Amino acid sequence: MSKTISQSDLAAHSSVDSGLYIVIDGGVYDLTGFVEEHPGGAKILKRVGGKDASKQFWKYHNESVLKKYQEQLKIGNLEEKAKL
């Protein structure tokens with residue numbers, strides 16, 4: 001069963017020190033241990049920590065990259081906001 005991550009929990013994980021989470025298409029990924037390994041550098045990941053990085057991710061990557069790392073980095077899904 002997949003873990004559900006709240007918006008506030010996502011926002012609390014916006015740096016390497018607090019744990020670096022990002023969202024890609026509703027999936028939450030813990031990049032804390034991956035930051036220094038990122039081929040594009042750590043700076044870009046630190047900039048999108050605690051946020052939805054879907055737009056930035058798809059600008060530079062294709063689906064094969066997501067599939068390659070999904071199993072080891074995905075920790076759950078972002079909680080959906082209630083639609084009023």
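**View 1. Order of elements along the predicted chain.** From the N terminus, the elements follow the order β-α-β-β-β-α-β-α-α-β, with 4 helices and 6 strands in the chain. Helices (H or I, at least four residues) and strands (E, at least two) are DSSP runs, numbered from the N terminus. The chain is as compact as a globular protein of its 84 residues, because its radius of gyration is 12 Å, close to the 12 Å of the globule rule. That radius is taken over C-alpha atoms, and the rule is 2.2 Å times the number of residues to the power 0.38. Residues are numbered from 1 along each chain as its sequence is written. The model is predicted, local features need pLDDT of at least 70, side-chain atom pairs count only at pLDDT 80 or more, and totals for chains, interfaces and linings use all residues, while side-chain values use heavy atoms, without hydrogens and water.

**View 2. The largest nonpolar core.** This core has 14 residues, and Ile22, Ile24, Tyr29 and Leu31 have the most contacts inside it. Strand 3 (19-24), helix 2 (42-48) and helix 4 (63-73) each supply at least two of the core residues. A nonpolar core is a set of buried Ala, Val, Leu, Ile, Met, Phe, Trp, Tyr and Cys residues joined through side-chain atoms within 4.5 Å; buried means under 20% relative accessible area (1.4 Å probe, protein chains only). Apart from this core lies another, of 6 residues, including Leu10, Tyr21, Val23 and Val28.

**View 3. Surroundings of Tyr29.** Leaving out residues up to four places away in sequence, Tyr29 touches Leu20, Tyr21, Ile22, Ile24, Leu66, Gln70, Leu73, Lys74 and Ile75. Contact means heavy atoms within 4.5 Å.

Methods: Buried means under 20% relative accessible area, exposed over 50%, partly exposed in between (1.4 Å probe, protein chains only).
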